Amino acid sequence: MNTDRKRIRGLYHARPVVGLRVYRLNQLSSERPRSPASKRGFTLLELLVVIVIIGLLAAYVGPRYFSQLNKSERQTTKAQIEGFGKALDAYRLDTGHYPGTEQGLNALVKRPSDEPKWNGPYLQKDVPPDPWGRAYVYRSPGQGGADFDLQSNGKDGQPGGDGDNVDITYR
C-alpha cells in the first residue's frame with residue numbers, strides 16, 4: 001500500500017494545493033480539462049464555415065430550381081393550350097365553325113346567344129389565365145390561312161420573344 005501511495009503521489013497530490021490543478025489519472029499530463037464555457041457552443045470560425053457552405057449550396061441549387069419552375073410554367077401552358085384546341089375542335093364539330101374572335105374562348109363554357117347548335121359546355125371550368133396571370137390570345141380566323149390562332153405571350157406578356165419569354169402557340 002505504501003508503494004502504491006508513493007507512485008500515485010507523483011501524479012496526484014495527497015492534499016490539494018491552492019492554485020494547482022488536479023488531473024485525473026487517465027489524462028495525459030499535457031491535456032487540460034476544458035472549462036464549462038468552452039463546451040457550450042461553436043466558435044465564430046465554425047459558424048462562418050457553415051454559413052459559407054450553405055451559401056455555396058444555395059448558389060448551386062437556386063438557379064436549377066428556378067429553371068425548373070420556368071420549364072414547368074411553359075409545360076403547363078402547352079398542356080392548357082392543347083386542351084383548349086381539343087375543346088375548340090369539339091365546338092366546331094357541333095356548330096360547323098369555330099367561335100369568332102369576339103366570342104373568344106368563353107364560347108366553350110357559356111352558350112353564345114346566336115348559336116342554336118351549341119352542345120356544351122366544352123370545358124368543365126371557366127377559362128383560366130395562363131400561368132403568368134394573363135388571358136390567352138384567341139383569333140378566328142387565324143393568320144396564314146389557319147382556322148384559328150391560340151397563344152400565350154409567355155412570361156413577358158409581349159408578342160415574340162425568346163428563352164423564358166417565348167410565345168407558346170397551338171400547333
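Start by selecting strand β2, residues 149-152, in this predicted model.

Which way do β1 and β2 run relative to each other, parallel or antiparallel? They run antiparallel, joined by 3 bridges. To see one of the pairings, click on Val137, whose bridge partner in β2 is Gln151. Next comes β3, residues 168-169. β2 and β3 also pair in the antiparallel sense, over 2 bridges. Here, look for Ser152 and its bridge partner in β3, Ile168.

Keep Ser152 and Ile168 on screen and select Thr77, which touches both of them. Thr77 sits in helix α3, and with 0% relative accessibility it counts as buried. Setting aside neighbours within four places in sequence, its contacts also include Pro131, Trp132 and Tyr136. What does the side chain of Thr77 reach? It reaches the backbone oxygen of Glu73, at 2.9 Å.

Next stop: the aromatic rings. The whole structure has 6 aromatic pairs. Select Tyr91 and Tyr122 for one of them, an edge-to-face pair with 5.6 Å centre to centre and 70° between the planes. Tyr91 belongs to helix α3 (residues 44-95) and Tyr122 to the loop between α3 and β1, so the pair ties together parts that are 31 residues apart in sequence. Are these two tyrosines buried or exposed? Tyr91 is buried at 0% relative accessibility, and Tyr122 is buried with a relative accessible area of 15%.

For another pair, pick Tyr138 and Phe148: this one is tilted, with 6.0 Å centre to centre and 35° between the planes. Tyr138 lies in strand β1 and Phe148 in the loop between β1 and β2, so their pairing ties together parts 10 residues apart in sequence. Both Tyr138 and Phe148 are buried.

Ring pairs link Tyr98, Tyr138, Phe148 and Tyr170 into a cluster.

Zoom in on Tyr170, in the segment after β3. It is buried too, with a relative accessible area of 13%. Tyr170 and Ile81 are 89 residues apart in sequence, but their C-alpha atoms are 6.1 Å apart in space. Leaving out neighbours within four places in sequence, the contacts of Tyr170 include Glu82, Gly85, Lys86 and Asp89, along with Phe148 and Leu150.

Last stop: the largest nonpolar core, with 20 residues. Which of them touch the most other members? Select Leu88, Leu105, Leu108, Tyr138, Phe148 and Leu150 to see them. Some of these you have already met. The largest share of this core, 5 residues, comes from α3.

Finish on Leu88 and show what surrounds it. Beyond its neighbours within four places in sequence, Leu88 is in contact with Tyr98, Pro99, Leu105, Leu108, Tyr138, Phe148 and Leu150.

Notes. Residues numbered from 1 in each chain as written. Predicted model: local features only at pLDDT ≥ 70, side-chain atom pairs only at ≥ 80, totals over all residues. Heavy atoms only, no water. Phe/Tyr/Trp six-rings, centres within 6.5 Å; stacked < 30°, edge-to-face > 60°. Helix = DSSP H or I, 4+ residues; strand = E, 2+ residues; numbered from the N terminus. Buried < 20%, exposed > 50% of the residue type's maximum accessible area, 1.4 Å probe, protein only. Contact = heavy atoms within 4.5 Å. Core = buried A, V, L, I, M, F, W, Y, C linked by side-chain atoms within 4.5 Å. Polar contact = N/O pair within 3.5 Å; in protein donor to acceptor, adjacent residues only side chain to side chain. Pairing = 2+ DSSP bridges.
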